[in-house]
Structure formats: C-alpha cells, structure tokens
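Me: Please take a close look at one part of the structure shown below. I would like a connected account that begins with a single residue and then places it in its surroundings.

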Amino acid sequence: MKKEKVIPILFDTYMAVIKNSVDSKMFRNSYAKINGEKTDILRNGKVSCAFFVSSILALFPLFKLIKYPPHGTVSGTIKDLGKSGWKKIKKPKIGSILVWEKIDLGNKDFHKHTGFYIGNNKAISTSSSKKGRPIIHHWTYGIKRNKPVRKVEAIFFNKKLK
C-alpha cells in the first residue's frame with residue numbers, strides 16, 4: 001500500500017475558518033473575575049472583535065499568544081501581531097487584519113475594532129452592532145459622501161499567507 005503525502009494548505013484553511021465563522025456565537029463570551037465577581041468581559045459580544053481575531057489566529061502558526069486566553073482588547077492583539085511576524089501594509093490583501101478607528105459604542109465607551117479582509121471590498125468582524133457575532137460587511141462599513149464610514153487605521157499581513 002502506497003503511503004499518501006499530505007501537505008496542509010495554510011492560506012486556504014485559514015480563509016475557510018474565517019468565512020465559516022460567520023454567524024457563529026462562539027466568540028461572544030469570555031469570563032474573568034473582576035473584584036471577585038464573574039464577569040463577561042466581552043459583554044455578550046458587544047466588544048468581542050479582538051477575541052474573535054486572536055482566537056482564529058491562535059489556531060494557525062500565525063500568532064504567538066503571549067498570554068492565555070485570546071485577547072479581549074485590540075491593543076493587546078496588535079502588540080502580539082507585531083511579535084508574530086505581521087507587518088503593516090498600505091492596501092488590504094485577502095487574509096489581512098484590519099484595524100478600524102475608535103468609535104463611541106454609547107455612553108462615551110470608545111473602542112477600536114478589528115477583523116479580517118476577505119476580498120472584493122468585504123471584511124468579516126464581530127460587528128459593533130447588536131448581533132455580537134461575526135458578519136460580512138463592507139471593509140469600511142460603506143461609503144458616505146465619498147468617504148469611508150469608518151476609517152481603517154492599520155492593515156497587517158503575514159508573509160506566511162502567500
């Protein structure tokens with residue numbers, strides 16, 4: 001019997017996992033004790049984007065999680081991206097990580113946002129909407145008056161993807 005040679009295809013598997021995450025509720029919650037009280041630090045998906053991105057990346061040899069569990073903040077995710085070989089690029093490539101500007105989620109609760117670029121001007125992120133789960137949307141949340149609705153502040157790419 002001939003032995004088969006299996007060679008994993010990183011990029012295709014990575015993109016399939018990202019796309020298959022759409023509408024999943026698995027990135028909504030992460031618990032920690034704060035002052036002795038169990039707290040959902042992702043607020044039922046309201047601020048789960050960094051957890052979503054770092055969880056996906058941790059599945060692949062693309063991200064060194066410096067601490068467990070996956071990140072709950074965009075700044076922590078960006079810090080570990082830099083330590084994991086991700087470099088800033090000017091234009092998005094399929095599979096790149098997008099970081100959007102801070103917005104007010106209500107009551108002066110400002111947060112940056114992160115997600116994945118999937119091509120054709122589309123991104124997947126745990127939208128800041130009430131859904132709290134990964135959705136497909138325009139990579140700048142659309143265009144109004146010839147300007148992006150939400151500015152992309154940084155784009156990161158890892159050369160292992162191509």
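How accessible is Asp23, and with which side chain does Asp23 meet in a salt bridge?

Reply: Asp23 is partly exposed, at 44% relative accessibility (buried means under 20% relative accessible area, exposed over 50%, and partly exposed in between, with a 1.4 Å probe and protein chains only). The model is predicted, so local features need pLDDT of at least 70 and side-chain atom pairs count only at pLDDT 80 or more, whereas totals for chains, interfaces and linings use all residues. Residues are numbered from 1 along each chain as its sequence is written, and side-chain values use heavy atoms, with hydrogens and water left out.

The side chain of Asp23 meets that of Arg133 in a salt bridge, 3.2 Å from N to O (a side-chain nitrogen of Lys or Arg within 4 Å of a carboxyl oxygen of Asp or Glu). The two partners come from distant parts of the chain, 110 residues apart: Asp23 sits in the loop between H1 and strand S1 (31-34), and Arg133 in the loop between S6 and strand S7 (134-138). Helices (H or I, at least four residues) and strands (E, at least two) are DSSP runs numbered from the N terminus. Arg133 is likewise partly exposed, with a relative accessibility of 21%. Side chains of opposite charge can pair when their charged atoms come close.

The structure holds 2 salt bridges.

Ser125 belongs to strand S6 (residues 122-126) and is buried, its relative accessible area being 0%. With Tyr141 the side chain of Ser125 makes a polar contact of 3.2 Å (a pair of N or O atoms within 3.5 Å; within protein, one must be able to donate a hydrogen and the other to accept it, and residues adjacent in sequence count only if both atoms are side-chain atoms).

Ser48 is located in the loop between strand S2 (37-40) and H2. Ser48 counts as buried, at 0% relative accessibility, and a polar contact of 3.3 Å joins its side chain to that of Thr126. Beyond residues up to four places away in sequence, Ser48 touches Phe27, Leu42, Thr126 and Gly132.

The largest nonpolar core has 28 residues, of which Tyr14, Ile18, Ile56, Leu57, Trp86, Ile97 and Phe116 touch the most other members (a core is a set of buried Ala, Val, Leu, Ile, Met, Phe, Trp, Tyr and Cys residues joined through side-chain atoms within 4.5 Å). At least two core residues come from each of helix H1 (10-20), helix H2 (49-58), helix H3 (74-83), S4, strand S5 (110-119) and strand S10 (152-158). H2 supplies the largest share, 7 residues. A second, separate core of 7 residues includes Leu98, Trp100, Ala123 and Ile155.

Across the whole protein there are 3 helices and 10 strands. The radius of gyration is 16 Å, close to the 15 Å that the globule rule gives for 162 residues, so the protein is as compact as a globular protein of that length (the radius is taken over C-alpha atoms, and the rule is 2.2 Å times the number of residues to the power 0.38). Buried residues make up 43% of the 162 residues. Among contacts with a separation of 6 or more, 53% join residues 24 or more positions apart.

How values were computed
Contact means heavy atoms within 4.5 Å.
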